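This report covers helix packing and nonpolar cores in a predicted model. The sequence and structure are shown first.

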Amino acid sequence: MANPKINISSLDFDSIKTSLKTYLSGLKNADGTLTFEGYDFDGAGINVLLDILSYNTLYYSFYSNMIGNETFLDTAQIENNIVSLVKPLGYLVTGKSASKTEMTVKSVSTTDTLIAYTDFFTALSTSGASYRFYPIQNYSLASGANTDIVLYEGRTVANNLQIVVDIADQKGFLGNTNIDLNTLTVKVNGTAWTQYSAFQANPGPDSEVYFLDRTSSGFYIIFGKKTLNDYQATFGKQIAENDVVTVSYMVPSGTVANNITSIKNSKVTASSTSKSAGGTDGVDLDLVKFFAPKMFAANDRAVTKDDYYGLLFSSNILPSSITQSEQVNVWGGEEADPPAFGRVFISYADTTLTTNTASVKKSIAFLKNKSVVTVLPEYVQPQTITAQLSVVTTGASTAELAGIKKLIEDNYNTTLIFNNSVVLTDIKNLITDNYSSVRRVDMSSASLLLVVKGSGSDKALYFKNQLNDPSTAGEVVSSTSFSYKGITINLVDQKINSTEGYLVARNASTGAIINSFGNLGSVDYSIGSVAINSNVLSAGTYITVTAKPKYTDLITIKNEFLVNVSATVTGA
């Protein structure tokens, strides 16, 4: 007589226990009688035994699942396991990150010098807490000249601290995993050595390089190692018995030192200061899992878009305000409009950064050395498109409407990121998840706004979304008022056909079209582009151009554009 089988497809506690009960209650002897006939499996004694068996099975299944998960980088959760998994990829998991700021300064005297790890800038947060920011290199300040400097926040600073190196193993130990390795300087007999990249060629036995390895309690600094295939050769120069090895580094305060602009030092006057950013309280394991394969695939050169991302985030060259992968956007010249073959474009989600910003110039120069010969990286300053949404809710009280407006805007505007499309379904879910009273959500209309600065040349605006097919002048594209040929006008679109239109002038006072001014630009409704002629906007004139997308349920923002949402919420 066949006995019942245990169901092993469901491994939660209740399913395991039910499966054991079913198995035992159907278990039969050789003569066909039930082995446990008359047993009450919910009775006190046997119920405890079933609980023990169920828990034991549950624990073992969980343990086996954890072993499987921690074997692969995608599913690993434990920090030590992730550290081990990315080592073969040549990726070093760092510690805490120091908040960083960029400044342009002038010496208050004829000449002066900022000494690395010694001269500090005092910083005061909005809460009144005091922090110190240090340079990690010496800066010579010429009289009257601007100097771009980078400062790192340090709660604890080690300056030329001598460490012991085990000559046999060629290892020195830094017993703190909170060190920001971007601030680490290693010197041997007063000469700074460079950290070895896992993708460099064999540096040879005389190269002044060092390696870093992370453990659960700190970092090893490793010097010249013997190669595997030739025991006589070394991978970098070795430390001798009488060599003096010193280190300088910072242990940062973390996120609490971010968002500070009041940063001062008596030696200098600052003409510009970026808000401190980039401080973290520990390693972001999700970023490690995301970028380690990209860095390995890049192999210290940039061919694909992922290579550019991996190189930027594995180096210490990003502007201090850029801390997330979504704040960097990379696209090829073939994706540009019009196409620009032989170019790769990079943009950072900070509208204050320009091609002349020191950190931007540094990152572009870095990428040029990594790119293939025929492709040139180029920085594009981001632009912000404001999406004005009219949202109608059914069921929300008057008091709740202001809260819904804030909820929508906070969700999109707290941190501006690239490729952040505005999706009606997402807005609906956001509202209904937070306001149970709302029964229906509709986006009745939407407009896209771009601010344009005149420069006496042609202006091309790309809204990156197909625009409505207008029926009357100014129905789809319009601008704020400005002075043109002595008259205050607005720019409005005038339809040619379903895909093309002109920009014409409308008298801001009377609303009449001024036909004598002729065509002041053009509109391509099919791709969402607006072109303003060179003689229309004088230098320094600002206007806002509004365009209405054809599809309001999905507004897609691409390339160098960021989206900022302004919502009007009403009740039905």
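## Helices α5 and α6

Helix α5 crosses helix α6 in a right-handed sense. The axes of α5 (residues 305-314) and α6 (residues 358-370) come within 11 Å, at an angle of roughly 130°. Since angles over 145 degrees would be needed for roughly antiparallel, α5 is therefore oblique to α6.

On the α5 side the contact is made by Y308, L311 and L312, which meet S363, F366, L367 and K370 of α6. By class, five of these residues are nonpolar, one is polar and one is charged.

## Helices α7 and α8

For α7 (residues 398-413) and α8 (residues 424-434), the axes come within 10 Å and the crossing angle is roughly 125°. The two helices are therefore oblique to each other, and α7 passes α8 in a right-handed crossing.

Residues I404, L407, I408, N411 and Y412 of α7 meet D426, I427, L430, I431 and N434 of α8. This contact of α7 with α8 comprises seven nonpolar, two polar and one charged residues.

## Nonpolar cores

The largest nonpolar core holds 51 residues, and L389, I408, V422, V477 and I532 have the most contacts inside it. Strand β24 (residues 440-453) supplies the largest share of this core, with six residues. A separate core of 32 residues includes V93, Y309, L353 and Y379.

Leaving aside residues up to four places away in sequence, V477 touches L467, L491, V492, D493, L503, V523, V530, V545, T546 and A547.

Note on methods
Residues are numbered from 1 along each chain as its sequence is written. This is a predicted model: local features need pLDDT of at least 70, side-chain atom pairs count only at pLDDT 80 or more; totals for chains, interfaces and linings use all residues. Side-chain values use heavy atoms; hydrogens and water are left out. A nonpolar core is a set of buried Ala, Val, Leu, Ile, Met, Phe, Trp, Tyr and Cys residues joined through side-chain atoms within 4.5 Å. Buried means under 20% relative accessible area, exposed over 50%, partly exposed in between (1.4 Å probe, protein chains only). Helices (H or I, at least four residues) and strands (E, at least two) are DSSP runs, numbered from the N terminus. Contact means heavy atoms within 4.5 Å. Axes are lines fitted to C-alpha atoms, for helices over the stretch in contact, and angles run from 0 to 180 degrees between N-to-C directions. Angles under 35 degrees count as roughly parallel, over 145 as roughly antiparallel, 65 to 115 as roughly perpendicular and the rest as oblique. A crossing is left-handed if the near helix is turned anticlockwise from the far one by less than a right angle, and right-handed if clockwise. Ala, Val, Leu, Ile, Met, Phe, Trp, Tyr, Cys and Pro count as nonpolar, Asp, Glu, Lys and Arg as charged, and the others, Gly among them, as polar.
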